[in-house]
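Here is a short report to read alongside the sequence and the 3D view. Take a look at the model, then follow along section by section.

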Amino acid sequence: MQLNEIYRELGISDAVLSFSNNIIEKLKPRFEEIDSIAEFNQAKVINAMQKNRVNATCFAGTTGYGHDDVGRDTLEKVYASVFHTEAALVRPHITCGTHALAIALSANLLPGDELLSPVGKPYDTLEEVIGIRESACSLKEYGVTYKQVDLLSDGSFDYEGIKNAISEKTKLVTIQRSKGYQMRPSFSTKQIGELIAFIKNIRPDLTVMVDNCYGEFVEETEPSDFGADMVVGSLIKNPGGGLAPIGGYICGTQKCIDRCAFRLSAPGIGQDVGASLSVMTSLYQGLFLSPTVVAGALKGAIFSANAYESLGFNVVPNSTEPRHDIIQSVELGSREGMLAFCHGIQAAAPVDSYVTPIPYHIPGYDDEVIMAAGAFVQGSSIELSADGPMREPYAIYFQGGLTWQHAKLGIMMSLQKMLDAGLINL
Ligand SMILES: *Cc1c(COP(=O)(O)O)cnc(C)c1O
């Protein structure tokens with residue numbers, strides 16, 4: 001059987017396949033760059049595993065209190081080595097990225113302290129953590145105030161505004177690396193480093209936390225290489241490599257991590273308890289695979305940016321910009337476009353490929369939202385997935401793909417559904 005025959009059986013026409021292959025042919029130099037970053041990060045991860053003497057006993061798991069859980073303790077050392085930090089808290093008990101961020105913030109802010117975001121509005125779910133939107137148990141309820149300095153209109157840092165916003169009360173600065181679901185640029189680790197240097201120059205005692213979600217292993221460095229006191233993320237995104245079924249991480253200074261551990265479990269207990277049950281192998285193996293999984297996701301993002309841009313759609317980031325995270329947005333311009341795109345992503349999935357995503361109202365959002373995902377791990381967004389609110393400019397955000405080949409199929413399928421709906425001409 002020929003390749004185009006199996007693609008035809010999957011539902012991809014020869015027209016879509018040859019359009020796609022022509023685009024991909026021109027991306028070879030960029031893909032090589034991505035592969036060399038993956039090679040660097042793969043070596044970094046293996047080095048960290050070897051240095052910390054990872055061995056079969058690490059995969060055994062514990063129950064109950066989990067005292068002396070070698071696998072858990074060693075994994076935390078491996079993460080600290082990878083991120084070049086003094087310490088790390090990496091646990092299946094951290095339920096998601098928002099939880100990890102909430103721990104890092106609430107452990108290191110006390111009543112009377114002020115939190116500063118110098119990069120504009122943080123990720124949606126943090127609004128209730130901080131108290132921007134009212135919520136029980138928010139930082140605001142505990143007497144922690146919040147200040148925000150928006151980015152300038154060109155997406156750069158408002159250094160003057162940031163300087164003016166730092167006061168006696170300021171205690172912690174939070175920087176989000178990825179644009180998340182906004183139309184602002186994502187930041188390189190180097191840009192984040194410049195911002196950290198500027199802030200520490202004004203007040204060396206300030207704690208800087210970076211929300212590292214979707215950014216891990218996209219570059220050869222991490223924000224912790226540039227002076228961040230804490231970097232925080234989710235294991236069902238990049239660093240879990242698609243295999244981690246749950247979990248979050250916080251890597252940083254011993255001082256910060258000790259406080260985070262007391263907040264996660266209990267004061268006095270910290271990192272000593274926390275049984276790892278039977279998930280350790282997946283957390284190690286997922287981290288091991290993460291650099292190449294991230295590379296596959298990035299290739300998919302770049303392919304789609306180039307394909308859709310060539311068809312006349314506005315894409316963020318555009319076809320040639322450097323990448324600092326794995327998220328791609330495509331302004332499809334219509335409800336029908338969003339439906340077709342999501343149908344394509346869903347139809348290409350290894351799981352639930354036969355279901356049809358439909359827009360629906362979810363709490364906290366004004367507009368209907370559509371989501372496409374056929375994932376092995378529920379809600380995992382390192383797996384190929386797409387979502388977006390049904391409103392102007394009808395932009396879809398998509399990310400992930402455990403392999404480049406699957407990402408390619410997903411994007412080709414989205415093109416096929418757009419073609420079938422008469423929304424594009426090839
Ligand atoms: C996904 C994400 C979060 C929240 O993570 P969840 O696992 O969804 O709770 C926070 N910040 C950014 C930038 C994210 O992308």
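## A residue in a loop

Where in the chain does Asp229 lie? Asp229 lies in the loop between strand S5 (207-211) and strand S6 (230-234). Helices (H or I, at least four residues) and strands (E, at least two) are DSSP runs, numbered from the N terminus. Before going on, please note that this is a predicted model, where local features need pLDDT of at least 70, side-chain atom pairs count only at pLDDT 80 or more, and totals for chains, interfaces and linings use all residues. Residues are numbered from 1 along each chain as its sequence is written, and side-chain values use heavy atoms, with hydrogens and water left out.

Asp229 is buried, at a relative accessible area of 13%. Here buried means under 20% relative accessible area, exposed over 50%, and partly exposed in between (1.4 Å probe, protein chains only). A polar atom of the Asp229 side chain lies 2.7 Å from the backbone nitrogen of Val208. Leaving aside residues up to four places away in sequence, Asp229 touches Lys200, Leu206, Thr207, Val208, Cys251, Gly252, Thr253 and Cys256 (contact means heavy atoms within 4.5 Å).

## Around the ligand

Oxygen atoms of the ligand take part in several N or O pairs. A side-chain N or O atom of Thr98 is 2.5 Å from a ligand oxygen, a backbone N or O atom of Gly97 lies 2.8 Å from a ligand oxygen, and for a side-chain N or O atom of Lys237 the distance is 3.0 Å. Taken alone, the ligand exposes 380 Å², and the protein buries 89% of that. Accessible areas come from the Shrake-Rupley method with a 1.4 Å probe; for residues, only the protein chains shown count as cover.

## Salt bridges

How many salt bridges does a search of the whole structure find? The search finds 20, each being a side-chain nitrogen of Lys or Arg within 4 Å of a carboxyl oxygen of Asp or Glu. One of them joins the side chains of Lys299 and Asp35 (2.8 Å, N to O). This pair links distant parts of the chain, with Lys299 in helix H10 (residues 280-310) and Asp35 in helix H3 (residues 28-51), 264 residues apart. Lys299 counts as buried, at 10% relative accessibility, whereas Asp35 is partly exposed, at 37%.

Lys140 and Glu134 also form a salt bridge, their closest N and O atoms being 2.8 Å apart. Lys140 is partly exposed, with a relative accessible area of 45%, and Glu134 counts as exposed at 62%. In another salt bridge, the side chains of Asp205 and Arg203 meet (2.9 Å, N to O); Arg203 counts as buried at 17% relative accessibility. Salt bridges that share partners also join Lys121, Asp124, Glu127, Glu128 and Arg133 into one network.

## A nonpolar patch

Met1, Leu3, Ile6 and Leu10 make a nonpolar surface patch of about 420 Å². Patches are made of residues with over 30% relative accessible area and no salt bridge: like charges are joined within 9 Å, and nonpolar side chains (Val, Leu, Ile, Met, Phe, Trp, Tyr) within 5 Å. Leu3 lies in helix H1 (residues 3-10) and is exposed, with a relative accessible area of 53%.

Conventions:
A polar contact is a pair of N or O atoms within 3.5 Å; within protein, one must be able to donate a hydrogen and the other to accept it, and residues adjacent in sequence count only if both atoms are side-chain atoms.
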